[in-house]
Amino acid sequence: MTKKMSISTSKTSLVLLLCQIISALDVPLDSKLLEELSQPPTITQQSPKDYIVDPRENIVIQCEAKGKPPPSFSWTRNGTHFDIDKDAQVTMKPNSGTLVINIMNGGKAEAYEGVYQCTARNERGAAISNNIVVRPSRSPLWTKEKLEPNHVREGDSLVLHCRPPVGLPPPIIFWMDNAFQRLPQSERVSQGLNGDLYFSNVQPEDTREDYICYARFNHTQTIQQKQPISVKVFSMDSLNDTIAANLSDTDIFGAKPVTERQPVLLTPTGSTSTKVELRGNVLLLECIAAGLPTPVIRWIKEGGELPANRTFFENFKKTLKIIDVSEADSGNYKCIARNALGSVHHVISVTVKAAPYWITAPRNLVLSPGEDGTLICRANGNPKPSISWLANGVPIAIAPEDPSRKVDGDTIIFSHVQERSSAVYQCNASNEYGYLLANAFVNVLAEPPRILTPANKLYQVIADSPALLDCAYFGSPKPEIEWFKGVKGSILRGNEYVFHDNGTLEIPVAQKNNAGTYTCVARNELGKIQNEVQLEIKDPTMIIKQPEYKVIQRYGQVSFECIIKHDSTLLPTVTWLKDNDELPDDERFLVGKDNLTIMNVTDKDDGTYTCIVNTTLDSVSASAVLTVVARPNPPFDLELTGQLERSIDLSWLPGDENNSPITSFVIEFEDALHEPGVWRYQTEVPGSQTTAQLKLSPYVNYSFRVIAVNRIGRSQPSEPSEQYLTKSASPDENPANVQGIGSEPDNLVITWEPLKGFQSNGPGLQYKVSWRQKDVDDEWTSVIVANVSKYIVSGTPTFVPYEVKVQALNDLGYAPEPSEVIGHSGEDLPMVAPGNVQVHVINSTLAKVHWDPVPLKSVRGHLQGYKVYYWKVQSLSRRSRRHVEKKILTFRGNKTFGMLPGLEPYSSYKLNVRVVNGKGEGPASPDKVFKTPEGVPSSPSFLKITNPTLDSLTLEWGSPTHPNGVLTSYTLKFQPINNTHELGPLVEIRIPANESSLILKNLNYSTRYKFYFNAQTSVGSGSQITEEAVTIMDEAMASRQVDIATQGWFIGLMCAVALLILILLIVCFIRRNKGGKYPVKEKEDAHADPEIQPMKEDDGTFGEYRLFSFVSSAPI
């Protein structure tokens, strides 16, 4: 059989390109159209070229094809016609070319072994299948053989041969024992590609009697077993014992011990070999070596690199595997086996050949009568394949002539074709490694235009987007396409439109005015047809408020907004995604109409959230990132290094910062010796630092912990470090805040802040307390005390200065010399009162007091200041028994004067002055009497207006509560007010001070008056009191009004007015509660007396007030 396929004996594989058409005429894949058009046969399904069948089952050889009219099928077997009607075991499926050979009813598969080829034929041509080589699978038994046991010396190499029976397809080999357990393999023991089991060196544990090679034939699902092979490994010790038992004592014996050997290749043999592999296959190269120690295999390619991403090592690097090889993988591959004693290598020369493969496979041609076309068939391979053509399954050289056809090597040129030129052409590309076969038809059609797009199809597009209006058509010759706007519109032209070859009209940027009806017209020489489609333009969907970046603390709540605007005729759907995936199925995620809310946020909620809005026409999206922040996780892995007496290095690893950078680390320590369980601040370092050198104190059992700090807060403390106990030493420091203050006139109390436990520096902490009187040539007096922070020195003079110091000491020594502080013994009450007390009255409410300072020695303590006691004795304008409040002003320091504010005018006062020290007050100075001058009076205590008549009013009043002097007169002012609240002329009357009432006559009847009333002393006028009153109406008018008031209509009118006034009052009340203006205040301001001005009186407050109460009787 030749490698190049003939009509009946080729070994081709059909690459079918169904309805893939390249020509001047495209046939749309419209099922209805395809059913109507004539078409040559096309093979759609076939069995593989090399078809191995199970001999126990029926043989099914597939051949399916389509065409118009439906094709008929025929077969050849081994190059001759296969008449299936003469073989009862063979049937063909209805409407199919598939053969079914009945084996299960007595047929034998071997009888049907051969080369089959299918032909599908109709009136337009014939397509052929590949040559299908049918062979039944075989799984023969192992030939019986006598296997001798293998006796091997420890350390030697060994090969156990499998030699499986030749099957179809070849079997899969594996080694197992009697228990059907796979034998373990390693760098020392492994199976080769040929199925043999190789031992680089044997060991005593390799001794066994059940090395069994199995062959699995997958096609028939059978496994064949070789007879067990026995291996006996002799160790050197056992071999020497055997030799000694068989030799006399005088014989020289002794097997050599196990010796190491340099590598030797078990397969392949020699130093070089060759291998040929086909393009696209898997290249497998193998090297297995013997040696002791077990050699290690390494692979290289001489003059190049092993191909990346396609190279793999198997079987403990004994097998080199390169997938999908190409001609570039040809070359020399070297395997190197190496152990401690040396190396050996083998070079495999690899040549990559290639069965034919397509560069350009021929494609179907659909032509109109009179058109031209070409079929191109180009293939490559190594060696380069030869190209041959067939027409309808017959070599083109002996096929019926066609004047429109010309063969030029790998190309057939068609010129001015006619309907009789329709045929199926086969291209065969073959070399010594295989062949390719492709069917391609030439179909010459004459058809009037057809429009395949449905009539009145509605297209909806978004404004400013491209609009594509389809006009799928077919016709032969190829129709011309024209588009019109509207039913009777003009033909569309210009840059506003794009006209595609498939008939589609494109409006690149569709606007609202592009909406409407469009008409597509298709015409050729055989006819004309048109179709209308509708175009609607919709408003785009927009997200007018997008979700925004959010930073939220753990366990908080966060919301993302997604507010949209869309065309009213489109129904949008809003979908939320997290990290481009669905939202978690969690009730904490609440999806609202315009928002997404996440409750009780956790760390796993961190990510990107996307709002996607979809309509049937468009889709928009917007994303925002959620960053969940929290206090940092605690540091860990604390380690102490560099331990010294007064310092140590602490290092740690920071915990997760939880999306908020760590700003600092706080280091705390615990003193398990003095304050177990109490953690104190040690230091703080920046967040970029994870080590710190810490200062230490003696005699402290330290543990450290670290706290991380970020913007959210502080982490939990880390686990404590290991403990470190420092050595004892004398104290470094003395107690702080040493003071000497007497609590009694004859003692000195020395106090200090005791040292903390870690400041003691050692056991036996005590304090040396020392004192001596200042400015006196005395020696220091000292005592040593423990566990106290106070010492009292008794029998001291009153208030004398002392020098005081307190020094710490422990069992190892004293602290440095302490500094001295000045203290004083106890104070006693002052002995002398201030002298020369003088008072200067400044005005009716303010006075200034002066005094001479007392001698400092008489103070007998720290001078704190002076106290002035003063009180009102009586008012000069009246005599009364009253409750007196004694006031106190304190003036700090050595001040000798002060101001007395808040005095009452026209009154008599007394005062005295006392000196103050830390113990208390000294004796009072003699009482000093002073008087305040007159002032303006307060307002009259009341003003009443009684007995109104037609033209008069009676006024009564009470005298001022505080006359502040001798009253000289009263002043009355009044003026009328009209109905519009306007003020009339102002009238003023002066009234003697001894009067308490007044009748005003000659007033206007039924008139409102406003009155202003105040009192005067010789100093001036006091504050005023105001009042309003109305004179009554005359009798005639009153009677008329009484008559009117009895009328029913008047009563109804008044009720209506009252109702309106009530409504107005409610409105005013509501306005006032809402902050509106209320006009009554404006009216009161308008009525105020323009001549009355607010009065101011100087008021000064000095020192501190204390009130003392007593009752006195003073003359008026």
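Two residues are in contact when heavy atoms of theirs lie within 4.5 Å of each other. With that in mind, begin with the whole chain of this predicted model. Among its contacts with a separation of 6 or more, 67% join residues 24 or more positions apart.

Keep the entire chain selected and display its secondary structure. The chain contains 6 helices and 86 strands. Of its 1116 residues, 42% count as buried. If a surface is now drawn, the accessible area of the chain comes to about 58800 Å², and carbon and sulfur atoms account for 51% of that surface.

Next, select residues 558-561, which are β49, together with 589-591, which are β53, and 595-598, which are β54. These strands make up an open sheet of 3 strands in the order β49-β54-β53, and the pairing is antiparallel. β49 and β53 stand at the edges with a single partner strand each, so one side of each has no neighbour in the sheet. On average, neighbouring strands of this sheet are turned by 15 degrees against each other, direction ignored.

Stay with β53 and β54, whose antiparallel pairing runs over 3 bridges. Select Val591 to find Leu596 of β54 standing opposite.

Finally, move to helix α5, residues 1048-1073, and select Phe1069, which is located there. Is Phe1069 buried or exposed? Phe1069 is exposed, because its relative accessible area of 54% lies over the 50% cut-off.

Notes: Residues are numbered from 1 along each chain as its sequence is written. This is a predicted model: local features need pLDDT of at least 70, side-chain atom pairs count only at pLDDT 80 or more; totals for chains, interfaces and linings use all residues. Side-chain values use heavy atoms; hydrogens and water are left out. Two strands pair if DSSP finds at least two bridges between them. Helices (H or I, at least four residues) and strands (E, at least two) are DSSP runs, numbered from the N terminus. Axes are lines fitted to C-alpha atoms, for helices over the stretch in contact, and angles run from 0 to 180 degrees between N-to-C directions. Buried means under 20% relative accessible area, exposed over 50%, partly exposed in between (1.4 Å probe, protein chains only). Accessible areas come from the Shrake-Rupley method with a 1.4 Å probe; for residues, only the protein chains shown count as cover.
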